[in-house]
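Let's take a walk through this structure together. Have a look at it first, and then we'll go through it piece by piece.

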Amino acid sequence: MIVTASELFKVAYGKFAVGAYNINNMEQTHGLFRGGIQSQSPFIIQISKGARKYADKRMLEAMIRAAETIYPEAVFVVHLDHGDEETCYDCIDSGFYSSVMIDASHEPFEKNVEITRRVVERAHAKGVSVEAELGMLGGVEEDVKVEEGHACLTDPEQAKEFVRLTGCDSLACAIGTSHGAYKFKGKQSIRFDVLEKIQKNLPGFPLVMHGSSSVPKSEIMRINAAGGKLDPSACGVDDNEYLPAAKLGVTKINIDTDGRLVWTRVHREYFRDHPEEFDFRGPGRVFMTEYANFIASRSEKLGSANTLSEVRNSILELRKNKAA
Ligand SMILES: O=C(CO)COP(=O)(O)O
Ligand SMILES: O=C[C@H](O)COP(=O)(O)O
Ligand SMILES: [Zn+2]
Ligand SMILES: [Zn+2]
């Protein structure tokens with residue numbers, strides 16, 4: 001069942017967060033759906049501009065529609081990750097996406113408001129949810145690289161004003177995390193002090209945390225032991241901080257890098273251990289199982305495990321009340 005982010009966040013708010021995972025191919029799609037069901041958790045499928053180009057947007061849509069019939073129990077959002085205005089309109093008009101992110105956070109405040117406002121109008125006319133962004137994460141994001149020192153945390157006062165002016169449904173905040181495998185130096189972690197202030201200014205309003213991969217040391221070590229050359233200083237978010245963030249209003253937690261690490265580890269180890277092999281279905285099968293297990297482990301950390309029937313029933317109830 002495809003649901004909007006707003007529907008899902010109404011059920012999740014303050015209790016748990018929902019994992020948002022980027023998909024680019026068939027193996028990730030199977031793994032994600034299996035992991036969601038295995039852990040009895042809803043999930044958010046994220047499609048980036050890069051993924052739409054890599055796989056072709058029509059291939060991604062067909063694959064997800066197929067997965068919907070293969071795994072009828074799944075409850076999920078189809079979401080555009082880091083969209084520009086044009087891509088948002090393409091997704092809204094497709095009738096397939098139930099949520100889009102307009103990321104105009106690299107623009108000055110007024111321009112960000114203006115662009116987001118336009119997207120919200122077009123999206124809401126079609127019942128599509130809108131995530132917007134204020135503040136700038138460090139690291140690489142789509143084709144934009146934010147240099148160290150240029151990242152800026154979300155201003156809690158501006159956040160309130162931004163939501164009021166734009167009418168967006170959720171807000172991606174920069175609270176210390178960054179995209180990719182090299183997030184923190186030393187002991188730094190999520191800026192809970194900033195998050196608390198944002199929640200105080202926007203009580204009940206769904207917040208989104210990008211750059212939330214945990215980058216397990218064990219994955220980095222296994223990849224390197226199997227021929228990889230990842231910087232051993234790679235470091236991510238402490239996954240024990242997901243649930244405390246959820247209690248402070250974070251309803252969506254974006255995880256992409258960790259899935260790439262699972263893929264890389266599985267394939268490197270597989271070909272190291274089976275040097276005679278050239279059938280890609282061997283590692284593909286292992287990856288689907290490992291990715292499903294990984295997703296299930298995230299559901300546990302996010303607090304979304306075993307919420308599936310409650311989420312489905314609550315959303316069906318919401319829809320019934322809305323129609324009445
Ligand atoms: O925020 C993300 C996608 O929008 C992904 O973040 P990671 O790089 O931490 O997985
Ligand atoms: O924030 C970016 C996501 O990790 C998606 O990455 P991508 O643009 O390489 O598909
Ligand atoms: Zn951004
Ligand atoms: Zn992101």
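The buried residues of helix H2 pack against quite a list of partners: strand E1 (18-22), strand E2 (43-48), H3, strand E3 (76-83), helix H10 (257-273) and helix H11 (281-302). A word on the labels: helices (H or I, at least four residues) and strands (E, at least two) are DSSP runs, numbered from the N terminus. "Buried" means that 20 or more other C-beta atoms lie within 10 Å of a residue's own, "exposed" means 12 or fewer, and "partly exposed" is in between, with C-beta atoms placed from the backbone. Packing here rests on contacts, where two residues have their C-beta atoms, placed from the backbone, within 7 Å.

Keep in mind that this is a predicted model, where local features need pLDDT of at least 70 and side-chain atom pairs count only at pLDDT 80 or more, while totals for chains, interfaces and linings use all residues. Residues are numbered from 1 along each chain as its sequence is written, and chains are lettered from A and ligands numbered from 1 in the order in which they are written.

Back to H2, which runs over residues 26-38. Ten of its 13 residues are buried, so H2 is largely enclosed by the rest of the structure. Among those buried residues are His30, Leu32, Phe33 and Arg34. From first C-alpha to last, H2 reaches 18 Å, close to the 18 Å expected at 1.5 Å a residue (the expected span is 1.5 Å times one less than the number of residues). After H2 comes Gln40, with a positive phi near 50 degrees.

Asn25 counts as partly exposed because it has 17 other C-beta atoms within 10 Å. Asn25 and Leu60 are 35 residues apart in sequence, but their C-alpha atoms are 7.5 Å apart. Tyr54, which belongs to helix H3 (residues 49-70), is 9.1 Å from Asn25, C-alpha to C-alpha.

Now for the annotated spots. Which residue does the UniProt annotation "active site" cover? In that unreviewed entry it is Asp81, a residue of strand E3. UniProt positions are given in the numbering used here, feature names are shortened, and annotations may be inferred rather than shown by experiment. Asp81 is buried, since 27 other C-beta atoms lie within 10 Å. Leaving out residues up to four places away in sequence, Asp81 touches Asn22, Gln46, Ile47, Ser48 and Met101.

The unreviewed UniProt entry also has a "binding site" annotation, covering Asp103 and Glu133. They are spread over 31 residues of sequence, yet they cluster in space, with a largest C-alpha distance of 5.5 Å. Asp103 lies in the loop between strand E4 (99-102) and helix H5 (109-124), while Glu133 is in strand E5 (residues 129-134). Asp103 is buried, with 27 C-beta neighbours inside 10 Å, and Glu133 is buried with 26. Beyond four places in sequence, Asp103 touches His82, Gly83 and Glu133, and Glu133 is in contact with Asp103, Ser105 and Ala172.

Last stop: helix H4 (residues 85-94) packs with H5 at an angle of about 5 degrees, their axes 10 Å apart. The residues making this contact include Cys88 and Tyr89 of H4 and Ile115 and Arg118 of H5.

Key. Axes are lines fitted to C-alpha atoms, for helices over the stretch in contact, and angles run from 0 to 180 degrees between N-to-C directions.
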